[in-house]
Structures are given as C-alpha cells and as structure tokens.
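Below is what I looked up, entry by entry.

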Amino acid sequence: MAATETRTFNPGRRMPAVRIVFSVLGLLIGGLMLLPLVWLVMRAFQADLPTVWSMLTRPRTLQMLLNTLALVVCTLALATAMALPLAWLVSRTNLRWRRLVNVLAVIPLATPGYVMAYALIGLSGNFGFMNQVFGVTIPRLEGLFGATLALSLYTFPYIYLNLRAAFAGLDQSLEEAARALGATPREVFVRVTLPHLMPALMAGWLVVGLYVIGDFGAVALMRYEVFSYAIYIQYSAAFDRIYAAWLALILIAIALSVVWWESRLREGASYARTGSGTGTQRRRVALPAAGQALGLTFVGLVVLASIGLPLAVLSFWMMRLDDLPAILPALLRAFSQSLSAAVPAAVLAAAMALPVAVLAVRYPSPLSTLINRLAFVGYAVPALAFALAFVFFSLNGARFLYQTHLLLVLVYALSFLALALGPIRSALYQVRPSLEESARSLGHGPVSVFARVTLPTIRPGVVAGMVLVFVIAMKELPIAFLLAPTGFRPLAITMFSRTSEGMLMDAAPYAAAIMVFSALFVGFVLRHDRKAGG
Amino acid sequence: MRRLRIALIALLAATPLPALADLTLYSGRGEPLIAPIISAFTAETGINVNVRYGGTAELAILLQEEGDRSPADLFWAQDAAALGAVVGLFQPLPQETLDRVPAAYRDSEGRWIATSGRGRVLAYSTERLGAEEMPATMAELTDPRFRGRIALAPTNGSFLAHVAALRVVHGDEVAREWLAGLAANQPVMVRNNTAMIQAIGDGEADLGVTNNYYLVRFHRRAADFPVNQMLFPSQGDIGNLLLVAGMGVLSGSDHSDEAVAFINFLLSDAAQQFFSGEVAEFPVTGRVIPTRVDDVSLEDVVRMAPEVDLNALGDLEGALAMVREAGLL
C-alpha cells in the first residue's frame with residue numbers, strides 16, 4: 001500500500017518500498033563495518049604520538065609503500081592475463097571440457113598461501129622437491145617477481161569469476177550490431193565487449209588489489225617487503241595492537257582510496273539494454289582444431305601452475321606419511337566444522353551484498369555510494385584487527401554472542417562481503433530495468449519483482465559471490481583464532497596447528513583436504529547451477 | 001536440489017560443538033604436540049580441557065583485548081615474551097608449583113612458569129661449512145667470512161628474545177655492534193625457523209641460529225637432509241641461550257585449582273619425558289633423563305648455556321627498535 005502511495009508522489013522513482021528497506025539494511029551493514037574503524041581509532045589514540053611519527057617517517061616505510069604499489073600493479077596485470085582468456089574460452093567458445101575448466105579455474109582460490117609459496121620455493125634449491133624428484137636445480141624465486149607469481153596464481157580466479165559472470169550477462173546482440181556495422185572482431189572486442197566487461201574487470205581488480213595490499217604470507221616467504229609486513233611485525237613480534245592500529249589505518253586509507261577510484265570510474269556508466277525486444281541467445285565461437293589445441297594448452301599451463309604445483313608439493317609431503325587412512329575420521333570432522341562456518345557465511349554474505357548492490361545499481365545516491373564504500377571496509381581492514389574490534393564490541397555490548405558460532409559467521413560475512421558484492425553488482429548492471437518495469441506493469445509488487453525477475457536473472461552473480469566467500473572462509477585463520485567457539489577446529493586451524501610447529505608434512509593432508517573439499521563443493525554448486533555453469 | 005542444499009546446510013549448522021569443559025586453555029602450541037598430554041591429564045584427573053588453538057601472538061593480543069573478561073583459564077605460549085606481554089592478566093602461582101623449576105625458568109613474581117625448554121643452536125650446512133670455519137661464539141657471526149651465508153628470521157620471537165638477552169648480558173653497545181655487523185654481512189632473510197632450515201638445506205645460506213627442535217622434524221622426514229646443528233663451543237656463550245615455552249593462569253579464572261593442577265601435571269616426570277622425547281625439547285624440572293639421542297643433549301645445553309634470567313627479557317620493543325635501527329627490519 002505504502003509503496004503505491006509513494007509512487008504516486010514520486011512518479012520518477014521505481015520500487016520505493018524496496019529502496020527504503022534496502023537503504024535500512026545497507027545502513028545497518030555500513031554501521032557494522034564502521035565498528036572496526038571506531039575501534040582502530042580508539043586504539044590509535046592510546047599511542048604515544050612521537051613514537052608513531054618516528055615509526056611512520058622511516059625511509060623504509062616509504063619503500064614499503066612503493067613496493068606495495070609495484071606488487072599490486074604487477075599482480076593485477078599477470079592475473080588478468082590468466083583470467084581474461086580463461087573467462088572468454090569458457091563463456092564464449094565451444095572449448096572442450098569447458099565445464100571442468102570452469103571449476104578448475106576457481107580451485108586455486110582454495111590453495112592455502114603457505115602451500116603455494118612453498119610450492120614455488122620448492123621448485124628451487126638443492127633440497128627442493130624439483131631436485132629430489134627430477135634432479136633439476138633452478139634459481140630461487142623471490143622478490144617482486146616471486147611475490148607477483150605466487151599471488152597471481154591464487155588470486156586470478158577472483159577476476160575470472162567476475163569476468164565470467166559478465167560474459168554470461170552480456171547481451172550479444174550489441175556485438176552483432178557492431179559486426180553488422182562493419183567493425184572487425186578486434187574492434188568489436190575493444191570497443192563493445194571490453195567496455196561492457198569493465199565493471200566486472202574493475203570489481204575483480206579491486207578485490208585482488210585489496211588482497212595484495214593486505215597479504216602477508218606470500219610476500220614474507222618471497223622476501224619482498226610490503227606495507228603489510230610492518231603490521232605483521234607489530235602484532236606478531238611486539239604483541240602490540242596500539243601502534244599496529246596506526247599502520248592498519250594507513251593500510252585502510254590506501255585501500256579505501258583504491259575503492260573510491262574504482263567507484264568513480266564505475267558510476268555513471270550504463271551497461272544494460274534499453275531498447276525493446278529481447279537479447280539474442282548466446283552463441284559460442286566454434287574454435288577450429290588449432291584454436292582448441294591452443295586454448296587447451298593455455299588452460300593446461302594455468303592449471304598446471306596454479307593447481308598442479310601445489311598438489312605436487314602436497315603429494316610429495318604426503319607420500320612420506322605412513323598412516324594416512326588413520327587420520328581420515330579427524331579429517332572429515334574438521335571438514336564438517338569448516339563447512340558449518342563457511343557455508344552460512346557464504347549465504348549470509350550474499351544476502352548482505354544484495355541490498356548493497358541493488359542500492360548501487362538501481363538507486364545511485366550519495367547514501368548508496370557511502371554504503372557501497374563501507375562494504376569494502378571489512379575486506380580492507382587487516383583480519384586480525386577486524387576480529388579484535390568484534391572481540392571488543394561483543395564483550396562490551398553483546399556478551400552472549402562472544403565466541404559463538406553465530407558471531408563467527410557474521411564476522412566472516414562482513415569481512416568477505418566485498419567478495420560477494422563484486423559479481424552481484426556486475427550482474428545487476430546487466431539486468432534491464434525495462435524487464436523489471438514490465439513485471440511491475442503486469443501487477444507484480446516490488447518484492448515479487450525482485451524475487452521472480454531480478455534474482456533469477458542475477459543468479460550467476462549471486463552464486464559466484466557465494467563461491468568466493470565460501471572458498472576463502474575455508475582457509476581463513478586470524479578470525480577463527482579469535483572468534484570461533486573454543487574447541488572449534490576447522491581444517492584451517494588443524495593445518496596451522498601443524499605448520500606452526502614446523503610439521504609441514506603432517507599439515508599436508510589438511511591442506512590437501514582444504515583444496516580437494518573446496519574443489520568438490522565448488523564443482524557441486526557450479527554443476528547444479530546451470531546458468532552459473534555456463 | 002535447493003531443498004537438499006538447505007537440508008545440508010541445516011545439518012551442518014547443527015553439528016554438535018564440544019560439550020562445556022571444566023578448563024579453557026588458549027594454546028599457542030600446536031595440537032599434534034599437546035593433544036596426547038591433554039588426554040592423559042583428563043584421563044588422570046577427570047578434568048576436561050577445552051582448547052582454543054591459535055598463533056601465540058594472536059592469542060596474546062586476544063587476551064590483552066579481553067582483559068579480565070577472558071573466558072580462558074590458562075594461556076600456553078611458545079615463548080616467554082608472549083607471557084610477558086600479558087603478565088598483568090595472570091594470577092600468582094602457588095609456591096610449591098613454582099619451586100618445581102629453577103628460578104630462571106619462571107616469572108620473578110611467580111605469575112607464569114616454564115613448561116619446556118628449547119635451546120638456541122647453530123644450524124649449519126653439512127655440505128658447505130667445514131670444521132675449520134665454524135664460529136666459536138655467536139659474536140663471530142659478524143666475521144666477513146660469513147658474508148651472504150647467514151640465514152636470519154628477524155621477525156621470529158626467539159630471535160628477538162635472543163637480542164634482548166644479548167642486551168641484558170653484554171649491554172646495548174655490544175648488542176648494537178653485533179646487529180650492525182650482522183647486517184653488514186647481508187644475511188639471507190627468512191620468514192621463520194622452518195624456512196631458515198629449509199634455506200640452509202637448499203643451499204641459499206650456510207648457517208643460522210635457530211631453536212633446537214626444528215631440525216629434528218626435518219630429519220624425521222629425510223634422514224639425509226644436509227643440515228646439522230651444534231652449540232657454540234665456548235661455554236656460557238650468549239649463542240647457547242636457553243629459552244622456554246610456558247604457561248600462566250588468568251586472574252579471571254574461576255577454576256584456578258584445576259588450572260594449577262594442569263600445570264603441575266605438565267611438570268610431572270611423565271609429561272616432561274614426553275616433551276623431551278616426542279617434541280624434542282628439554283625438560284625444565286631437571287629431573288628427567290631425555291630419551292632422545294641427538295647431537296645436542298640436555299646436559300650439553302645446560303652446561304654450555306649462559307646464565308640469563310628470562311624475566312629480564314621483557315623489553316621486546318627495545319629489541320625490536322634496535323633490530324630496526326640496524327636495518328634488519
């Protein structure tokens with residue numbers, strides 16, 4: 001009722017009731033995201049300012065910032081070079097085994113960081129596995145090159161998934177129109193396809209960029225000093241959360257300025273069909289035999305490096321374990337605990353991302369811009385600081401929630417909200433408002449339109465978002481350390497319990513389980529979601 | 001399909017969590033090493049221990065944030081520095097418990113106690129470091145013959161504790177000079193002790209100062225791993241520092257009697273034997289004969305170790321500042 005009345009007063013706006021509900025939800029989510037910032041500022045003010053000043057003005061700090069920047073740029077370039085061709089091959093060509101490729105392209109996300117880094121390091125050295133198995137010694141990978149390689153190999157799926165959702169939603173009649181107007185395939189790609197992929201590409205870049213800015217594991221093993229290194233030292237070697245708060249705030253400032261630039265570029269663009277008629281059915285490029293071979297070779301190389309390498313290292317470690325069947329029950333128990341946190345977190349994150357994405361795409365306003373930027377805070381704040389903020393606020397405001405399963409799931413969802421937001425937002429950009437409008441004119445209420453028209457259309461994006469959150473939650477550590485119920489022992493913690501004591505070999509089955517179970521789960525979801533499965 | 005998925009999710013969400021336990025332990029020590037000890041304790045006393053496993057640093061910071069609202073009864077840390085960081089949250093331990101270890105292995109005000117010892121040792125490549133080259137003291141690592149050959153884990157807690165000990169024993173001037181000399185030798189920077197031993201095995205570095213129990217894990221995996229370890233041959237050299245893992249009882253604990261019982265159990269002969277045998281650490285009660293035959297034995301470590309009061313190693317910030325000043329961080 002209220003909706004109809006409001007519409008009468010504001011004939012230019014659509015679905016105001018939905019807008020109000022979503023704005024409230026968005027503000028709630030934004031408010032939760034502000035908590036960690038409030039906490040960090042609170043802790044930062046406990047610091048002694050001259051000490052902060054001398055810490056921040058070291059020449060090394062500037063060097064670390066420059067290194068961070070270089071690493072972000074290089075990683076984005078390499079990851080895109082892997083993701084874009086993969087997404088095109090899977091979405092737009094008749095490549096053989098493309099359903100399998102679609103799953104394989106997501107699995108690298110499940111690789112625990114330490115495994116990838118040891119895999120790359122294990123390639124070199126005279127006691128590395130390359131030398132032990134094949135008798136080959138190659139120079140050690142390190143520095144910017146090594147860190148770029150390691151990070152790209154397990155972050156490219158973020159870009160891949162965003163791109164694939166965009167390819168799936170792209171109206172091919174646009175490309176056909178361009179072709180009909182005489183553009184060459186290359187021109188079509190550069191002037192029609194690429195601009196339409198830009199929101200997805202930028203969403204992917206944003207997530208990978210933020211990941212790289214915050215990553216510590218891979219850069220430390222590759223001996224490349226970036227800004228997150230300074231934060232790690234402060235927490236880990238000095239057991240300090242006060243000066244670390246300053247460093248974390250700087251990191252967040254960098255991250256949010258990146259978010260700001262991304263949204264500046266994204267806003268004001270329109271990518272949906274506006275004309276009448278329907279979009280054409282998707283047609284696939286029929287690859288000639290040589291194209292098939294070339295495509296599969298490319299896929300093979302990427303898969304070999306991103307999945308084959310870590311699996312080889314894990315198998316190498318596991319071959320020397322004699323009682324593998326004995327730990328299977330423990331493995332399954334840990335897996336079910338991992339699932340019990342990762343699955344609800346993925347669903348909740350997607351549910352939270354929906355209103356935020358709808359606000360950004362359908363109701364752009366200063367408020368929706370603010371909410372959309374706040375949505376990235378969870379991903380930009382170092383995980384340990386993020387968890388500590390919720391320790392503080394739940395102990396002081398909601399004691400009954402502290403170290404409960406519910407709080408763990410909520411914090412996971414907030415922390416990884418940005419991951420779900422990207423694909424969902426890109427998918428929404430490609431939904432024609434006219435479709436929703438005609439549903440309205442056929443007498444459907446706003447909720448019904450959202451549930452029966454919008455949601456099914458953006459389903460590939462929602463599924464992609466959930467998969468991203470699921471896979472990262474499976475291997476997450478600092479939040480689980482602090483906020484999981486005591487005694488909760490998912491795969492990631494079980495794995496860490498072994499690596500922290502230098503027992504890499506004993507950790508291997510758990511690391512492998514994270515990869516294999518994530519793979520099976522992702523395969524299951526993508527398989528049963530025909531739209532997402534391409 | 002959707003219904004199946006929802007059912008699956010509901011089923012998983014209903015996965016029972018462990019029953020409420022009598023004791024809550026925050027453990028920076030890994031599950032595979034301590035789970036057997038904990039089961040033995042429960043079997044013997046009937047007291048359940050619910051363990052939160054995590055990184056020592058993360059848990060120490062968590063305890064700082066929780067303050068007196070912490071649900072934890074006990075904190076088990078990998079190093080004394082982490083215990084020092086939260087010492088204000090501990091309650092004093094009973095004297096008879098404290099008396100089970102030498103004074104150097106516990107807090108001077110009796111708020112935490114060591115549970116096992118680990119020696120700092122020199123790990124070296126058996127392929128590239130000849131007997132004639134071996135450094136006799138840790139100070140000698142600044143010699144130009146080791147340029148580019150030393151592996152160093154500058155963020156490692158044991159390394160920082162070692163720098164703190166160097167300052168306490170020999171003064172700031174010596175510590176600063178040693179760090180500067182080390183930096184001048186352009187060490188190969190590694191992330192942690194495991195990575196250090198890997199780097200020496202891989203031929204990236206030839207030697208490094210580390211904790212005694214890491215190499216054992218490599219040798220269990222591959223007996224021919226080309227790294228060995230030794231103590232610096234000069235008695236009382238700062239390089240042969242003895243560090244500890246330890247534990248304290250939180251002042252907010254409602255179960256301090258049970259918590260102390262747990263500590264007493266860890267200091268029992270059986271538990272100490274477990275640490276020295278399975279975990280390749282050293283007993284701290286001085287009562288157990290280690291069962292492991294290793295290149296570095298407890299007798300050697302105790303005989304060769306410098307006398308350093310672990311309580312004096314609390315100034316981690318100072319050590320960190322000095323390491324930064326030397327350009328190693």
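**Where the chains meet.** I started with the contact between the two chains, which takes 52 residues from chain B and 50 residues from chain A. Contact here means that the C-beta atoms of two residues, placed from the backbone, lie within 7 Å. On the chain B side, helix H3 (residues 56–66) gives the most, with 9 residues. I noted that helices are DSSP runs of H or I with at least four residues, strands are runs of E with at least two, and both are numbered from the N terminus. By class, the chain B side has 27 nonpolar, 13 polar and 12 charged residues. For the classes, Ala, Val, Leu, Ile, Met, Phe, Trp, Tyr, Cys and Pro count as nonpolar, Asp, Glu, Lys and Arg as charged, and the others, Gly among them, as polar.

**Ground rules.** This is a predicted model, so local features need pLDDT of at least 70 and side-chain atom pairs count only at pLDDT 80 or more, while totals for chains, interfaces and linings use all residues. Residues are numbered from 1 along each chain as its sequence is written, and chains are lettered from A and ligands numbered from 1 in the order in which they are written.

**Chain A overall.** I found 27 helices and 0 strands in chain A. Of its 534 residues, 54% are buried; buried means 20 or more other C-beta atoms within 10 Å of a residue's own, exposed means 12 or fewer, and partly exposed is in between, with C-beta atoms placed from the backbone. Among chain A contacts with a separation of 6 or more, 82% join residues 24 or more positions apart.

**Helix H19 of chain A.** How many of the residues of H19(A) are buried? I get 9 of the 11 in residues 405–415, so the helix is largely enclosed by the rest of the structure. Among the buried ones are Leu407(A), Tyr412(A) and Ala413(A).

**The core.** I looked up the largest nonpolar core, which has 315 residues. Such a core is a set of buried Ala, Val, Leu, Ile, Met, Phe, Trp, Tyr and Cys residues joined through C-beta atoms within 7 Å. Ala345(A), Ala349(A), Phe416(A), Ala420(A) and Val469(A) touch the most other members. Helix H15 (residues 328–362) of chain A brings the largest share, 21 residues. Leaving out residues up to four places away in sequence, Ala349(A) touches Ala413(A), Phe416(A), Leu417(A), Ala420(A) and Val469(A).

**A helix pair.** In chain A, H10 (residues 185–214) and H20 (residues 417–429) pack at about 175 degrees, with axes 9 Å apart. The axes are lines fitted to C-alpha atoms over the stretch in contact, and angles run from 0 to 180 degrees between N-to-C directions. That makes H10(A) roughly antiparallel to H20(A), a label for angles over 145 degrees. Pro199(A) and Ala203(A) are among the residues H10(A) puts in, and H20(A) answers with several including Gly422(A) and Tyr429(A).

**Chain B domains.** An automatic or database assignment sets the domain bounds, giving domain 1 (2–117 + 243–304) and domain 2 (119–241 + 313–325) in chain B. Their C-alpha centres lie 27 Å apart, and the contact takes 19 residues from domain 1 and 20 residues from domain 2.

**One last residue.** Ala180(B) sits in helix H6 (residues 157–184) of chain B. It counts as partly exposed because it has 16 C-beta neighbours inside 10 Å.

Terms used: Angles under 35 degrees count as roughly parallel, over 145 as roughly antiparallel, 65 to 115 as roughly perpendicular and the rest as oblique.
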